[in-house]
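Okay everyone, thanks for coming.

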Amino acid sequence: HAEMAAVPLGFDIDAPRWDQSTFAGRLRHFLSITDPRTALVPEEELDRAKALVEGCRAGLVPPGSSQEQLLYAKKLYDSAFHPDSGEKMNLIGRMSFQVPGGMALTGCMLQFYRTVPAVVFWQWVNQSFNAIVNYTNRNAASPISLSGAHVSVCAARGPPWVTARGAGVLHGGLSPGSAAGPSRPSLLPVLSREIINGVTVTDGDNNELGHSRWGLTHCSCLERAAVKGIAQVVVSRITMAAPGMIILPIIMERLEKFPFMQQIRVLHGPLQMLLSGGFLLFMVPAACALFPQRCSLALADLETELRDSIVAKHGDKVPYVCFNKGL
């Protein structure tokens, strides 16, 4: 400890830099942690950032550490480490990788749609990518293996996807929009473990209070932490993908009518990737910012068993509970 210095007076590294109760504040937060440049940061630097954040939480930092350095370390930490477990997330599943990963996949799906094998292959790649993202950004209190996530996605999307593709072939072939349409799989099969196993709920000081579950015995009570979190994640993911999937095919269809575009067909793929990246650059943080990542739920809205347990232990000192909904 002789080589360490005290944290600057009044500085709390876990305090939000922007007001998380407003969309504008959350947008600035997610613009920071989904910055695609953080995906290029070496693993060693990420580990140093984690050590600096943990040291700051303990009240000690390297001598000469500025507040700007501490805030940058927190940015790297939030971009690469899971908020529940503190474990380093795999690169492909990080939200900071959504722009390069998503733009490549979207561009390929919109470019290679003219044959069924091409559509099948790129949809399989895309669903695999989504399974990794869902697994990486899940609520860590709901255990699910990566293979389990992938199987759930394929099981949920396989039959309707095959039906849609077959109908498209029988009724005149595939279009860019129909090929890219199912790019975001249903999240419910992947996140259903949160309904079954529950999500960890805490008080305002992050002290664990229990698990909120929603099952067949509570089917009439929709305001449960797990269901609320899943619903918000579904809306965010759809919002994230929709502009690129809906608007981009229309733009490309219009552009391809111009003679100069017909002369540079080899550049259509790169152009679609670039335009897709432009959409995702803003839509990823905007979609994540639609709802607070750390949600709150009134104690009265919890299932009876958990509510009674909390009241028995804490009385009326816990009016609401908090939980990480995931991204």
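So, start with α3: Leu70, Leu71, Ala73, Lys74, Lys75, Leu76, Tyr77, Ser79 and Ala80 are buried there. Keep in mind, please, that this is a predicted model.

What covers those buried residues of α3? The cover includes α1, residues 23-33, along with α2 and β2, which is residues 60-61.

Now α3 itself. This helix has 14 residues and spans 20 Å from its first C-alpha to its last, close to the 20 Å you'd expect at 1.5 Å a residue.

Okay, on to the packing with α2. In general, two packed helices get described by the angle between their axes and the distance between the axes. Here, α2 covers residues 43-58 and α3 covers 67-80, and their axes come within 8 Å and cross at roughly 115°. Angles from 65 to 115 degrees count as roughly perpendicular, so that's what we call α2 and α3. The crossing of α2 past α3 is left-handed.

Who makes the contact? From α2 you have Glu45, Leu46, Ala49, Lys50, Leu52, Val53, Cys56 and Arg57. From α3, Gln69, Leu70, Tyr72, Ala73, Lys74, Leu76, Tyr77 and Ala80. Sorted by class, that's 11 nonpolar, one polar and four charged residues.

Zooming out to the chain: there are 12 helices and six strands, and buried residues make up 46% of the 327 residues. And if you take contacts between residues at least 6 apart in sequence, 74% of them join residues at least 24 apart.

Technical notes:
Residues are numbered from 1 along each chain as its sequence is written. This is a predicted model: local features need pLDDT of at least 70, side-chain atom pairs count only at pLDDT 80 or more; totals for chains, interfaces and linings use all residues. Side-chain values use heavy atoms; hydrogens and water are left out. Axes are lines fitted to C-alpha atoms, for helices over the stretch in contact, and angles run from 0 to 180 degrees between N-to-C directions. Helices (H or I, at least four residues) and strands (E, at least two) are DSSP runs, numbered from the N terminus. Angles under 35 degrees count as roughly parallel, over 145 as roughly antiparallel, 65 to 115 as roughly perpendicular and the rest as oblique. A crossing is left-handed if the near helix is turned anticlockwise from the far one by less than a right angle, and right-handed if clockwise. Contact means heavy atoms within 4.5 Å. Ala, Val, Leu, Ile, Met, Phe, Trp, Tyr, Cys and Pro count as nonpolar, Asp, Glu, Lys and Arg as charged, and the others, Gly among them, as polar. The expected span of a helix is 1.5 Å times one less than its number of residues. Buried means under 20% relative accessible area, exposed over 50%, partly exposed in between (1.4 Å probe, protein chains only).
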